[in-house]
Amino acid sequence: MIEEHKRVSGLSGNEIYCLNKLGMKPGQLCVGNSVVAIGVARGIGAGLSTLGGGEVSEITNLVHNGRLRAFNRMMEEAKHYGGIGLTGVSFDLINHGGNLEFITTGSTVHGGEAAVSTASSSKKFSTSADAQQLYCQMDSGFEPLSFVFGNVAYSIGLGGNISGAFRQLSRGEVPQYSEIFDKTRHLALKRIVDNAKQHGANAVIGIQTTISSVLGTQEMMMVGTASRHPALDHYLAEPVTSDMTNEEMWNMVNLGYQPIKLVMGVSVYSLGLKGGIFSALQSLGGGEVSGLTEILYEAREKALARIERDAEACGADEVIGVKTRVYDLGKGLVEFMAIGTAVKRIPGANNPMKTKNENLPPQAIIRDQETFIDSTDGGTLSLNRSNMQSAPRLQGGPASVIGIIMVILIFMLKLWLHH
């Protein structure tokens with residue numbers, strides 16, 4: 001049973017203005033949810049996978065299926081309200097005492113002059129872009145097809161800790177850890193691309209990446225919009241990927257650039273036993289801690305060199321919009337990650353990608369100010385800080401799993417001796 005709220009929209013004034021420019025009208029806010037529990041059997045399987053390192057498929061699948069159910073329920077509600085599309089699709093995750101609730105929200109849009117389309121109208125598209133970003137997408141020549149996502153839950157694992165333990169004693173990169181992080185994070189990218197292929201897309205644009213702690217693992221999730229551009233049909237077998245914002249995308253297309261591929265570089269470094277001792281002594285004396293300065297510099301250089309190498313391999317001219325993140329993994333380990341979009345310049349007359357208009361309206365780039373401030377949790381939540389704190393917990397994950405398994409084994413042994 002769907003509750004009627006035909007007059008409730010999640011779209012702002014700026015978004016409604018941009019929709020009007022596209023010949024569309026605002027529709028209803030739609031919500032879908034799913035609450036899941038990991039369960040005993042799956043929990044034991046996930047624990048064993050965590051010990052092995054790499055992807056923890058039990059958690060990946062649990063989280064993916066929970067989000068998919070929430071998305072499908074939102075789409076059912078959207079179908080009830082009709083319209084031609086669904087914009088601003090996003091995921092939220094709430095922990096209810098160990099049970100995870102996945103929430104998906106979006107707002108329907110209607111076409112032409114009809115205030116409300118009939119429920120029999122079929123959806124032409126769904127997108128992670130809000131209506132302002134949708135304007136930038138469509139004015140750049142991209143036709144939105146479907147909201148898509150890809151995720152992976154992963155752990156360094158006990159195996160990684162053992163094989164990398166001796167390497168940690170010396171200063172420099174720990175390839176065992178770099179490989180685990182690099183391989184699993186690229187799985188999320190592969191999965192969002194595979195999802196886009198199912199919709200016949202030749203591009204996935206506006207990709208947003210989040211890394212968070214979920215059920216004792218780290219999860220990397222990518223969301224974006226599977227799209228089609230008439231000038232990119234030769235990319236159908238391997239769609240273009242971009243994590244530029246939609247406003248950035250419009251600017252680059254307007255300047256004659258074509259996005260090619262989202263590229264990532266990962267490097268995990270160890271300060272080493274000797275370096276750790278020297279750094280500790282330097283910290284006591286004050287001033288520059290040269291050991292940490294050098295190792296962080298080397299880690300950055302290694303990660304940036306990797307994304308540059310990937311860009312060259314796909315024929316790009318440069319990588320733009322590079323974002324960098326540094327994580328303290330504990331035990332003297334530091335991870336550096338770089339992510340950006342590889343682009344190629346196409347000379348003027350030969351460039352089939354052009355913006356429909358020479359300028360964007362101010363309403364497409366003005367960011368709405370937050371008018372509801374919730375500071376009940378002791379102040380504003382820092383997402384960067386929470387993500388940083390989740391990284392050291394990842395190191396302790398395998399150890400905690402071992403403890404749980406040992407408790408279970410001891411309990412079972414006592415029962416067996418009693419009988």
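**Exercise 1.** What span should the 23 residues of helix α6 (residues 175–197) have, and how far apart are its end C-alpha atoms?

*Solution.* This is a predicted model, in which local features need pLDDT of at least 70, side-chain atom pairs count only at pLDDT 80 or more, and totals for chains, interfaces and linings use all residues. Residues are numbered from 1 along each chain as its sequence is written, and side-chain values use heavy atoms, leaving out hydrogens and water.

Step 1: helices are DSSP runs of H or I with at least four residues, strands are runs of E with at least two, and both are numbered from the N terminus.
Step 2: the expected span is 1.5 Å times one less than the number of residues, so α6 should span 33 Å.
Step 3: the end C-alpha atoms of α6 are 32 Å apart, which agrees.

**Exercise 2.** Which residues of α6 are buried?

*Solution.* Step 1: buried means under 20% relative accessible area, exposed over 50%, and partly exposed in between (1.4 Å probe, protein chains only).
Step 2: the buried residues of α6 include Tyr177, Phe181, Arg185 and Leu189.
Step 3: in the protein chain, buried residues make up 46% of the 419 residues.

**Exercise 3.** Describe the open sheet of four strands.

*Solution.* Step 1: the order is β1-β4-β3-β5, with mixed pairing; two strands pair if DSSP finds at least two bridges between them.
Step 2: β1 (24–36) and β5 (125–126) are the edge strands, each pairing on one side only.
Step 3: β1 and β4 (residues 99–111) run antiparallel and are joined by eleven bridges.
Step 4: Gly106 in β4 is the bridge partner of Cys30.
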